[in-house]
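What follows is a short report for someone meeting this structure for the first time.

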Amino acid sequence: MYMGLVITTLMVLFVYFRAKHVNEIKAHVAETYPEVFTRLSKDKMKVGVNNVFVLALEESLKCGELSKTQDKRLHLLTKRMRDFDTRFMAVSVIVMISYAFF
């Protein structure tokens, strides 16, 4: 019973902090690169601007035009988000393994 509560809590925390990091990046891109922001925000398939933007933003940060920028703040925010994802998943695995063996 407690295992489900712990897993649910971890997932809610992950979604909250991940959304917080994405919103920081989104605000920075909107402020610094308004033309890129408008291009990434286009919802051609009508599935929701926020969903499309997050996917387009992550793709642009990996291999698109935002990956080629020399913006230190953008790279710092992206690194913080990636580090958070890695650390959070490591903590989640440790918690689940500890429940499995103890």
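In this predicted model, Glu24 counts as partly exposed because its relative accessibility is 23%, and buried would mean under 20%. Glu24 has its place in helix α1, and, leaving aside residues up to four places away in sequence, Glu24 touches Leu77 and Arg80. With Arg80 there is also a polar contact of 3.0 Å between the two side chains.

| Pair | What is compared | Distance |
|---|---|---|
| Glu24 and Arg80 | side chains, polar contact | 3.0 Å |
| Glu24 and Asp71 | C-alpha atoms | 14 Å |
| Asp71 and Arg73 | side-chain oxygen to backbone nitrogen | within 3.2 Å |

Glu24 and Asp71 lie 47 residues apart along the chain, and it is at the start of α4 that the side-chain oxygen of Asp71 reaches the backbone nitrogen of Arg73.

How are the two helices arranged? Helix α1, residues 2-32, packs with helix α4, residues 72-101, at an angle of about 175°, and their axes are 10 Å apart. Angles over 145 degrees count as roughly antiparallel, and α1 and α4 are therefore roughly antiparallel to each other. By class, their contact has 20 nonpolar, four polar and five charged residues.

Helix α4 itself has 30 residues and reaches 43 Å from its first C-alpha to its last, which is close to the 44 Å expected at 1.5 Å a residue. The buried residues of α4 include Leu74, Leu77, Met81 and Phe84, as well as Asp85 and Ser92, and Leu77 is one of the residues that Glu24 touches.

Terms used
Residues numbered from 1 in each chain as written. Predicted model: local features only at pLDDT ≥ 70, side-chain atom pairs only at ≥ 80, totals over all residues. Heavy atoms only, no water. Axes fitted to C-alpha atoms, helices over the stretch in contact; angles between N-to-C directions. Helix = DSSP H or I, 4+ residues; strand = E, 2+ residues; numbered from the N terminus. Parallel < 35°, antiparallel > 145°, perpendicular 65-115°, else oblique. Nonpolar A, V, L, I, M, F, W, Y, C, P; charged D, E, K, R; others polar. Expected span 1.5 Å × (residues − 1). Buried < 20%, exposed > 50% of the residue type's maximum accessible area, 1.4 Å probe, protein only. Polar contact = N/O pair within 3.5 Å; in protein donor to acceptor, adjacent residues only side chain to side chain. Contact = heavy atoms within 4.5 Å.
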